[in-house]
Amino acid sequence: MRMSSGWAGGLSRLLPLTMVLAAWQAASISGVLPKTVLPSFGDVAVALGALVRSGEIIPHTLASFARAGAGFLIAVAGGIALGILMARVRVVERAVEPILLLIYPVPKPALIPLFMIWLGIGDFSKVAVIALACLLPVVIAAFNGARSVDDMLLWSARARGTSERRLLWRVVLPAALPQIAAGVRTAIAIAIIVLVSSEFISAETGLGYLIFSYGGVGADDAMLAVVIYLAVLGYLLDRFYLAGLRRLMAWHAFAH
Amino acid sequence: MPSLTRHPRLVAGLTRVVPIALVLLAWELVTRAGWVNPFVFPPVSEIVIRWVALFVDGSVYRPLWDTLWRALLGLGAAIAVGVPLGLLMGRVHWAQWFFEPLFSFSFPLPKIALIPLYVHWFGLFSLSKVMLIFTDCLFPVVIFTYHGARGLSPIYLWSAQSRGTGRLRMLWRVVLPLSLASIYDGVQVAVVVAVLVAVVSEMVSGGGGLGQMMIRAYRFGDVRTAFATLLTISLIGYALYRAAQWLRGRLLFWHVTDS
């Protein structure tokens, strides 16, 4: 029953995807699926090749990457610090938790118009919304992770005279890392969603802008090419993150 | 102190309200003192007044209704399609073989990126939005249902099988009820997704709703209405989430929660 064993398992997983793509191509060629409705898979692949070879997609990739990356990094740094402080310092928890609960139910992309009024339609407003949207999963993960640190670890560190500040940095943070890692992974996915939403609403660069402008002129093959490119990029980002994590956490039981 | 400890819930509630009240008070004072441009950052009280005014003059009802029914219809369709599909994937080998890779490969795609394609297929108005909400909600519903149905203890299945239960009846009468807790976790996620996608698609492609109301307020530089609309959107999201939670308690009263 286990299917994911080595290459054979990988191929068996790719087969359904290949079947769907082949059916898509066959339907386009035979005319069952008119190209005005959906360009053929071949056309999309050719368009993607052209976008990459001409280098047109590269500045847009970089623009998107810079926005999402800046917001994401702010959220990760701020979120870990805030989450750990909340878990270890009672006053911080009392003060911050209700405010986080207040922000929690707000669908973050709905903040984009407000942030555009405050920070303009440029990159600042996009980075700010991405940072805020990514912050919550990281804070919650860091808070839960830091709160469930084994007391034995803290006691033994204190017994050796570790200062409280050093304790946060050298004991609590490493012990909370597995939970933080899961929150950061959620933040990656959220960053991409909010990025695309904000670039749809207002931008002159970026992958979201590219999708929207190709869609607007009816260049469906190029539009779908960018959509697929974005999906592959998101997938690779997640894979790289997991692979990096496995190396970073080799010492931890969680990595097996 | 004894009078305080006798109402621990009240005290806990108060300590939660205090930080929020302080933030709102600081906001009100800073804006009233004129330290920030009131046009860009209005006092809280004026936002609340505008929020009430939108309900009193009735201009919020139509967008509210548009967003709500789109979100609920898309969510309902995702449940109607996603639950049977997830059950099938969890219990039938070929369905798992075919669909599981498709879902896991398309999972990282931000479904919001499909807005232009859906507008092309289903038009600018409600249909394209409902279809996008359906697509986005389908993922959590299918994935949670699939994992619920796959992880069942075989003992239940054997005992039903030994009584001669047919395969279809088995899915409906045994696998579905046993997977309900997991399905409901998926629905909880999907409720949040539905409101989010409804609002974003309305912001991007118009066609009424609270999302468009926000963008329009932005274009007119009307921060008060933008804020009031954001408040309405958040309340809808929260209300739907709590409603789903309440319904879960009602439907799963017989279920022993693990945690």
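Residues are numbered from 1 along each chain as its sequence is written, and chains are lettered from A, with ligands numbered from 1, in the order in which they are written. Because the model is predicted, local features need pLDDT of at least 70 and side-chain atom pairs count only at pLDDT 80 or more, while totals for chains, interfaces and linings use all residues.

**The two chains**

Helices (DSSP runs of H or I, at least four residues) and strands (DSSP runs of E, at least two) are numbered from the N terminus. Chain A contains 10 helices and zero strands. Its radius of gyration is 23 Å, well over the 18 Å that the globule rule gives for 256 residues, so chain A is more spread out than a compact globule. The radius is taken over C-alpha atoms, and the rule is 2.2 Å times the number of residues to the power 0.38. Chain B has 11 helices and zero strands. The radius of gyration of chain B is 23 Å, well over the 18 Å given by the globule rule for 259 residues, so this chain too is more spread out than a compact globule.

A residue is buried if 20 or more other C-beta atoms, placed from the backbone, lie within 10 Å of its own, exposed if 12 or fewer, and partly exposed in between.

| Chain | C-alpha span | Buried residues |
|---|---|---|
| Chain A | about 75 × 55 × 30 Å | 36% of 256 residues |
| Chain B | about 75 × 65 × 30 Å | 37% of 259 residues |

Two residues are in contact if their C-beta atoms, placed from the backbone, lie within 7 Å. In chain A, residues 24 or more positions apart account for 73% of the contacts with a separation of 6 or more. In chain B, 72% of the contacts between residues at least 6 apart in sequence join residues at least 24 apart.

**The contact between the chains**

Chain A gives 39 residues to the contact and chain B gives 41 residues. On the side of chain A that touches chain B, two or more residues come from each of α1 (6-30), α4 (90-103), α5 (112-119), α8, α9 and α10 of chain A. The largest share of that side, nine residues, belongs to α10(A). By residue type, the side of chain A that touches chain B comprises 32 nonpolar, three polar and four charged residues. Here Ala, Val, Leu, Ile, Met, Phe, Trp, Tyr, Cys and Pro count as nonpolar, Asp, Glu, Lys and Arg as charged, and the others, Gly among them, as polar.

**Helix α6 of chain B**

Within α6(B), residues 115-122, the buried residues are B:Ile115, B:Pro116, B:Tyr118 and B:Val119. They cover an arc of only 165° around the axis, which puts them on the same side of α6(B); the arc is that of the directions from the helix axis to the C-beta atoms. These buried residues pack against α8 (164-201), α9 (207-216) and α10 (220-248) of chain A, and against α7 (126-150) and α9 (167-205) of chain B. Just after α6(B), B:Gly123 takes a positive phi of about 85°.

**Local features of chain A**

Helix α4(A) bends by about 30° at A:Val96, and a proline, A:Pro98, follows within four residues. The bend is the angle between axes fitted to the seven residues ending at a residue and the seven starting there.

A:Gly49 lies in helix α2 (residues 41-53) of chain A and counts as exposed because it has 11 C-beta neighbours inside 10 Å. A:Gly49 and A:Ala225 are 176 residues apart in sequence and 8.6 Å apart in space, C-alpha to C-alpha.
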